[in-house]
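Dear colleague,

I am passing on the structure below, and after it I set out what was found there, grouped by theme so that you can follow along in your viewer.

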Amino acid sequence: LQSNSCGPGFAEENRSSEEQAMIKKTGKSYLASPNLPDFCGCSPGWSSAFYGAECFDSEVHSYLKNLGKQKSSESQNIDAKKVELEQLLMMETKNYRKTITFYQKLLQKERRSKGPEIKSMLSKLRGQLQEMKSKVQFLELVKKYVQAKQWGVESYVLPTVIHSGKADTMDMAPMDESPLLLYYNTEKHQCNNQNGVRVLQAGTPLGLMAYLYSRNAFLEGYVQQFLYTFRYFCTQEEFLQFLLDRISSTLSSASLDPSTSLTKICNRSFYILQAWIEDCYSVDFATNTDLLGTLKEFISSKVASLNGYGERLLSLLEDASARKSGSADLCSGVDKCEEESEEGRKRLHSLCKKLSEDVSRKNFYWKLSKSVAPIAQYQREQLHTGSAVLPKPCCSSFTEESSVSARADEVGPVPLMDCSAQQLCWQLTLLQQEVFNKCHPVHFLNSRALGVKDKCVAVPRAVSAETVSLKVCNLFLSKCIQDQYLLQLLKNADSISTWVAAEVVTCHTTKRQVSLLSKFLLIAKCCYEQRNFATAMQILAGLENLIVRQLPAWKILPAKVAEIMEELKAVEVFLKSDSLCLMEGDRFKTLPTIPSAHVLAMHVQQLETGGFTMTNGAHKWNKLRNIAKVVSQVHAFQENPYTYAPDFKLQSYLRQRITHFKDADISALAADNCANFHQIPAEKHSRKIQNTLRRMKATFQ
């Protein structure tokens, strides 16, 4: 088995809990009725939206075709193929986890007794782990492909889907779908279809919703792209009602025969509904109690009485609600794992990093400093020469947070000066990851309506997020409820930038300002090299503050350290150059990444520029598809978290300082510190006054 070139969006070792759950539920049916299949993990995932039809390559097709051929009587039975695939996946997952456990034990043994034999075994085991991980990834992709192929209907049935599928369309003549959907034909590339491949170009809201039932909707990535972008042309209530109408009209009459169109429409409706809940609960259902109530009422009254799948849907909603309520402490894109496997996940993740040894900065096109070690050594010498105490800022706006400030001053700014740049980078990255993992791709859509603009102007400090008007530049339908978490994300970024600037301007000596400037530059460099572009850009924004840039300390900053500022500006240009620059190659699958939220929002705004509809009123699906592809990278990055060991004491200190300075007036802080001004020598200053008085005296004579 080979790893698929585009990848299934399979998370690293953090999928271990999902693997355990899969092992436990293999062979167990959730449904009491034979009318409905076992829907397990219906969400197509970010890779479907990003890669589209390319997500499933020829290797997946051929593997599924050959699966089960050794069993002559069951070779063409899709159910038999699914059972065999599930067994293979369970077996490979078990072996994968056992090998991880064995590797951990061997690693601990190697630390105690550093013998050449153990090192040799560890080296071989690393290769085996990579091979086994590729097998599990590939089998997961094949499983997703099998699920995606099910329950779709041919294109001529789509108009009937809109009319609730009241008749069995297997006996109906083909109907014209042109008023609903527009296609364009691609050139024939080794394709059996003489007319080439039809690609969806545009459609009416009803047509686009009906296309979810198309046979190739899942395979083309359309379903995931639709779940990301449907709010541009229909509300959550309209979409839910569309699905519930299809279920109501087909559920009672759906035949046991899975080949009938009514059964396909019914099953596909449940499939899409579950995928929507799994992927978008936090942005659609959690923020709209009426929508959630409508769904629960329908399930309880219409579905639960007919089959056991209603109970599963209600359980799914409860689980999603529990995850949402506990999201402050959990990563939204990563499943929970048992405590005993926590250390194992860190070991495996660090292993995966070592296996992808090429340094992340090779992927960028800016000039980097040739030597980092001399800079680090210089910093260690400089940072320990002076006192590490930063004064409490003289600002009345901080009086409300006196308790937090007091705790921060008790600790003092020793961590900033005594901790290495790498340590601070790691803890700032973990803090940033907490905030980033709570966001959803949908949060980055329609950001103009939230007041997000270029130049990092999100929301004026005097205006709360709740008072932002949604009437200006609102691209969503007026009744569509939009979650405003992006504003919190940008406000957090602004707080970190303000903290960086405030820490620098409150240093009372130029020497300590130089040390702190150097420290922040090294932290930012470490962040972008570890692909934490969010924190790197936040530090850059703080250092580019107009007051900070005018400090005399920049003139005596060591040249090698000053070069980092140019590197950071080059990184910023790189991030702004292409909306998918961080998704190039396969490195984002093995190395954790946190993008700059503001830069990503600006890329989406650029894609949103221009009309969404054609002259005939059809919505441009090409435009929506491109938007979905760009925002899908949010889920891609969330699947691969950083696994640094948290230093809770240092994190607490950093939180306190950031909170302490978040609303600080940098110019007011700088005015109280003489180190922020260029000093004129006493003699020269006295002579200048005397010359001025002499000239004034001459004017009166």
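Both Glu567 and Lys525 are buried, and these two residues form a salt bridge in which the closest N and O atoms lie 2.9 Å apart. Please keep in mind throughout that this is a predicted model. Glu567 belongs to helix H22 (residues 559-577) and Lys525 to helix H19 (residues 510-529), so the pair ties together parts that are 42 residues apart in sequence.

Helix H8 itself (residues 222-229) is largely enclosed by the rest of the structure, because eight of its eight residues are buried. The residues concerned are Tyr222, Val223, Gln224, Gln225, Phe226, Leu227, Tyr228 and Thr229.

Helix H5 also contains Leu129, which is buried, with a relative accessible area of 2%. Leu129 and Tyr103 are separated by 26 residues in sequence, and their C-alpha atoms are 8.9 Å apart in space.

The largest cavity holds about 80 Å³ of space, and its lining consists of Leu575, Asp578, Ser579, Cys581, Leu582, Pro595, Ser596, Val599, Leu600, His603 and Gln633. Helix H24 (residues 597-608) supplies the largest share of that lining, with three residues, and by class the lining of the largest cavity comprises six nonpolar, four polar and one charged residues.

The second largest cavity has a volume of about 60 Å³. Its lining is made up of 11 residues, of which Cys42, Pro44, Lys144, Ala148 and Phe218 lie nearest its centre. Helix H5 (residues 116-149) contributes the largest share of this lining, namely three residues, and the class make-up of the lining of the second largest cavity is six nonpolar, four polar and one charged.

Two backbone positions may interest you if you intend to look at the torsion angles. Most residues other than glycine have a negative phi, and most peptide bonds are trans. Against that background, Asn446 has a phi near 55 degrees, a positive value in a residue other than glycine. Asn446 is placed in the loop between helix H17 (421-436) and helix H18 (485-505), and at 0% relative accessibility Asn446 counts as buried. Arg531, likewise a residue other than glycine, has a positive phi near 65 degrees. Arg531 lies in the loop between H19 and helix H20 (533-543), and its relative accessibility of 1% means that Arg531 counts as buried.

Finally, to turn to the surface, Ile689, Leu693, Met696 and Phe700 form a nonpolar patch there, with about 460 Å² of accessible area together. Ile689 is found in helix H29 (residues 682-700). Is Ile689 buried or partly exposed? With a relative accessible area of 41%, Ile689 is partly exposed, because that class falls between the buried cut-off of under 20% and the exposed cut-off of over 50%.

With kind regards

Methods:
Residues are numbered from 1 along each chain as its sequence is written. This is a predicted model: local features need pLDDT of at least 70, side-chain atom pairs count only at pLDDT 80 or more; totals for chains, interfaces and linings use all residues. Side-chain values use heavy atoms; hydrogens and water are left out. Patches are made of residues with over 30% relative accessible area and no salt bridge: like charges are joined within 9 Å, nonpolar side chains (Val, Leu, Ile, Met, Phe, Trp, Tyr) within 5 Å. Accessible areas come from the Shrake-Rupley method with a 1.4 Å probe; for residues, only the protein chains shown count as cover. A salt bridge is a side-chain nitrogen of Lys or Arg within 4 Å of a carboxyl oxygen of Asp or Glu. Helices (H or I, at least four residues) and strands (E, at least two) are DSSP runs, numbered from the N terminus. Buried means under 20% relative accessible area, exposed over 50%, partly exposed in between (1.4 Å probe, protein chains only). On a 1 Å grid over the protein atoms alone, a cavity is a set of points where a 1.4 Å probe fits but cannot get out, and a pocket is an open set with protein on both sides within 12 Å along at least five of seven lines; lining residues have an atom within 4 Å of a point. Grid points are joined across faces, edges and corners, and a volume is the space filled by probe spheres set on the points. Ala, Val, Leu, Ile, Met, Phe, Trp, Tyr, Cys and Pro count as nonpolar, Asp, Glu, Lys and Arg as charged, and the others, Gly among them, as polar.
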